[in-house]
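Dear colleague,

Please find below the structure that I am handing over to you, with its sequence. My findings follow directly after it.

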Amino acid sequence: MTVSELNAEVRTTVERGFPDVWVEGEVVNFLKAASGHWYFSLNDGTSQLKCVCWKGTNFRVRFRPENGMTVRVRGRLTFWEAKGELKLDVASLEPSGEGALRAAFDQIKAKLEAEGLFADQLKRPIPYFPRRVAVVTSSTGAAYHDIHNVLTRRAKSISILLVPTIVQGEGAADNIRRAIDAVNKFNLTLAPHARIDVLIVGRGGGSADDLWAFNDELLARRIRASEIPVISAVGHEIDWTICDFIADLRAATPSAAAELVASREDEILGTLAAREGQLASLLDYTMLAASSRLGDAAERVKTIVSARLQSFEIRYANVRSRLSADALAARVSAVANRLSILDRSVFTSVTRRLVAKRDELGVCAAKLDAMSPLAVLARGYSITQTARGEILRNAASVQVGDRLKIRLENGKLDAEVVAGTR
């Protein structure tokens with residue numbers, strides 16, 4: 001056989017016998033070529049195996065392998081005929097062991113943090129009173145049952161939508177990511193009042209290897225891009241994953257996530273119960289106080305009414321005594337006497353005043369008669385007036401031809417000036 005023929009036979013035998021294997025070892029001689037391919041070897045301390053991870057595959061690996069890191073690799077064994085080298089063609093790669101997991105975790109966390117994806121400004125508020133909750137987790141795990149038990153016990157009004165997915169092992173991160181995508185797409189088909197308010201992503205406790213799917217970079221980015229606010233509930237309180245940092249809210253456990261969602265309804269019901277008790281107490285106190293005030297008011301009204309009645313009775317007795325027949329007869333007699341006296345007094349006074357006034361009138365008439373010009377006329381005098389009625393005292397004030405009026409004791413004369421001396 002030629003070398004080429006032998007190598008071809010070896011390749012066929014190797015690829016047929018080892019089409020899919022898992023290998024764990026320490027990374028040595030890691031090299032990223034200009035083409036984007038990764039070349040490295042796996043070493044377990046005594047043996048070494050060359051590996052190649054092509055560019056079309058390594059973009060799906062969520063971390064960058066480093067020398068000295070322990071990794072778990074899945075791939076197919078092949079034989080490179082041209083160089084006669086046995087190689088592992090890597091299909092997937094994930095860290096293994098605490099140190100490797102920590103290094104990969106730190107790499108992803110630093111990258112996303114540098115992009116600002118953990119910033120508080122990006123955190124969406126969890127609705128105050130959620131009505132519909134979607135849970136992305138395993139349908140057979142304890143996480144969903146814990147969440148279901150808490151929500152059904154503490155929040156009767158919340159409806160739960162389970163989105164089942166695998167939560168550990170190869171492909172788990174991609175499955176969780178697709179489940180989140182599915183929930184967001186489904187939510188857009190719902191009417192606004194029926195849409196999902198909160199999305200819980202998580203699982204129960206486990207080792208660092210078991211929880212590794214929740215450190216996936218693409219899964220973290222999908223959580224940040226979710227239209228529905230996300231609560232991360234992975235593992236126990238001491239467990240932290242990349243999902244915890246990038247989610248809108250982190251819960252220590254799945255049960256704690258359910259309590260966070262249900263707390264508002266629980267608080268509201270508790271507040272209502274407390275207010276109900278306070279209201280009942282206040283009503284009782286108000287009723288007692290009102291009853292007491294009503295009793296006091298009734299007593300005061302009774303006292304006032306009694307006093308008023310007594311006063312009215314006294315006044316009535318007084319009025320009645322004043323309105324008796326004898327009293328009225330006496331009052332009428334007294335009034336009649338007073339009227340008779342007043343009548344005589346008025347008559348006397350009026351008579352006296354009339355006499356006095358008659359005397360005064362006689363005196364005034366005598367004076368008036370003495371001063372009257374008519375009395376002068378009676379003694380033979382006359383009064384001469386011009387045509388205009390002016391009394392004539394001086395002959396110089398008239399001329400020949402002027403008309404005059406002459407008044408005598410009895411009668412009047414019209415005269416004309418024919419001559420005169422001044």
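The lining of the second largest pocket in this predicted model consists of 7 nonpolar, 4 polar and 3 charged residues. In total, 14 residues line this pocket, and those nearest its centre are Arg 102, Phe 105, Ala 208, Asn 215 and Trp 240. Its volume comes to about 300 Å³.

Which of the elements gives the most to the lining? That is E5, with 5 residues.

I turn next to helix H4. Helix H4 covers residues 142–154, 13 residues in all. From first C-alpha to last, H4 reaches 18 Å, close to the 18 Å expected at 1.5 Å a residue. Its buried residues are Ala 143, Tyr 144, Ile 147, Val 150 and Leu 151. Why do these residues lie on the same side of H4? They do so because the arc that they cover around the axis is only 135°. Ala 142 and Arg 153, on the other side of H4, are exposed.

Phe 40 belongs to strand E2, which runs over residues 38–43. Is Phe 40 buried or exposed? With a relative accessible area of 3%, Phe 40 falls under the 20% cut-off and is therefore buried. Leaving aside residues up to four places away in sequence, Phe 40 touches Val 27, Val 28, Asn 29, Phe 30, Leu 49, Lys 50, Cys 51, Val 90 and Leu 93. Phe 40 and Leu 260 are 220 residues apart along the chain, and their C-alpha atoms are separated by 46 Å.

Most residues other than glycine have a negative phi. Asn 29 is not a glycine, yet its phi is positive, at about 55°.

Two further asparagines lie in helices. Asn 7 is part of helix H1 (residues 3–17). Asn 7 is buried, because its relative accessible area is 11%, under the 20% limit. Apart from residues up to four places away in sequence, Asn 7 touches Phe 79, Glu 81 and Gly 84.

Asn 337, for its part, is located in helix H9 (residues 325–371). What is the relative accessible area of Asn 337? The value is 46%, so Asn 337 is partly exposed. Between Asn 337 and Arg 353 there is a separation of 16 residues in sequence, and their C-alpha atoms are 24 Å apart in space.

Yours sincerely

Definitions and conventions
Residues numbered from 1 in each chain as written. Predicted model: local features only at pLDDT ≥ 70, side-chain atom pairs only at ≥ 80, totals over all residues. Heavy atoms only, no water. Helix = DSSP H or I, 4+ residues; strand = E, 2+ residues; numbered from the N terminus. 1 Å grid on protein atoms, 1.4 Å probe; cavity = no way out; pocket = protein on both sides within 12 Å on 5 of 7 lines; lining within 4 Å. Points joined across faces, edges and corners; volume = space filled by probe spheres on them. Nonpolar A, V, L, I, M, F, W, Y, C, P; charged D, E, K, R; others polar. Expected span 1.5 Å × (residues − 1). Buried < 20%, exposed > 50% of the residue type's maximum accessible area, 1.4 Å probe, protein only. Arc of directions from axis to C-beta. Contact = heavy atoms within 4.5 Å.
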